[in-house]
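Please keep the sequence and the structure in view while reading.

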Amino acid sequence: MEQVYRVAAVEELPAIAEKILANLVTKVVLLAGPMGAGKTTLIKALCKKLGVTDLVSSPTFSVVNEYASPSKGTIYHFDWYRLEREEEALDLGLDNYLDSNALCLMEWPEKISNLLPYEFDLLRIELDGATRVISHKIHLHE
């Protein structure tokens, strides 16, 4: 099943984030889309809905940021954009993060496609003029 959300203005993101969070099935959330589509902006909205008070920003150079949520505990925010080899994700401890049972939000998941778990939620953001179209698919190992 796929949920589709159309976002015409950033002010709509809190309501969309709430719907997305209500429909998450896994602890691994992949955010895919072109540069500038709004992946980090969506993560900011998701984290705000989860009560995160830390500054939420793209971990482009640090690769991973850690946030604290009163309702979900630790949240890890990954940005794999600058990886040159998938093995770099393993060197950074990807397995430990995935085994932590923490919510893992990952931008640019295609950079580590061979390392992804069997089960994940995929949020794909596409541009349709000035509107962002967010599709939410759940991938479960069957």
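**The aromatic residues and the interior**

Both F78 and Y97 are buried, a word that here means under 20% relative accessible area, with exposed meaning over 50% and partly exposed lying in between (1.4 Å probe, protein chains only). The model is a predicted one, in which local features need pLDDT of at least 70 and side-chain atom pairs count only at pLDDT 80 or more, while totals for chains, interfaces and linings use all residues. Residues are numbered from 1 along each chain as its sequence is written, and side-chain values use heavy atoms, with hydrogens and water left out.

Rings of Phe, Tyr and Trp (its six-membered ring) are paired if their centres lie within 6.5 Å; planes under 30 degrees apart count as stacked, over 60 as edge-to-face and the rest as tilted. The count by this rule is five aromatic pairs. One of them joins Y76 and Y97, edge-to-face, at 4.6 Å centre to centre and with 70° between the planes. This pair links distant parts of the chain, as Y76 is in strand β4 (residues 73-79) and Y97 in helix α4 (residues 94-99), 21 residues apart. Helices (H or I, at least four residues) and strands (E, at least two) are DSSP runs, numbered from the N terminus. Y76 has a relative accessible area of 13% and is therefore buried; Y97, at 19%, counts as buried as well. The rings of F78 and Y97 have centres 5.0 Å apart and planes at 85°, so this pair too is edge-to-face. Because F78 lies in strand β4 and Y97 in helix α4, the pair ties together parts that are 19 residues apart in sequence.

M106 is buried, because its relative accessible area is 0%. The C-alpha atoms of M106 and F78 are separated by 4.6 Å, although the two residues are 28 residues apart along the chain. Contact means heavy atoms within 4.5 Å. Leaving aside neighbours within four places in sequence, M106 is in contact with V28, V29, L30, L31, F78, W80, L94, L98, I112 and L116.

**Helix α2**

Which residues are buried in α2? They are K39, T40, L42, I43, A45, L46 and C47. T40 is found in this helix, which covers residues 39-49, and T40 is buried because its relative accessible area is 17%. The side chains of T40 and E107 are joined by a polar contact of 2.8 Å. A polar contact is a pair of N or O atoms within 3.5 Å; within protein, one must be able to donate a hydrogen and the other to accept it, and residues adjacent in sequence count only if both atoms are side-chain atoms. Not counting residues up to four places away in sequence, T40 touches S57, S58, H77 and E107. After α2 comes G51, whose phi is positive, near 85°.

**Salt bridges**

A salt bridge is a side-chain nitrogen of Lys or Arg within 4 Å of a carboxyl oxygen of Asp or Glu. By this rule the model has three salt bridges. In one of them R6 is joined to D128, with the closest N and O atoms 2.8 Å apart. R6 is in strand β1 (residues 2-7) and D128 in strand β6 (residues 120-128), so that pair links parts of the chain 122 residues apart. R6 is partly exposed, with a relative accessible area of 48%, and D128 counts as partly exposed at 41%.

Another salt bridge is formed by the side chains of E18 and K49 (3.3 Å, N to O). Since E18 lies in helix α1 and K49 in helix α2, the pair ties together parts that are 31 residues apart in sequence. E18, at 48% relative accessible area, is partly exposed, and K49, at 39%, counts as partly exposed. The side chains of R85 and E87 also meet in a salt bridge (3.6 Å, N to O). Here R85 is partly exposed at 45% and E87 at 43%.
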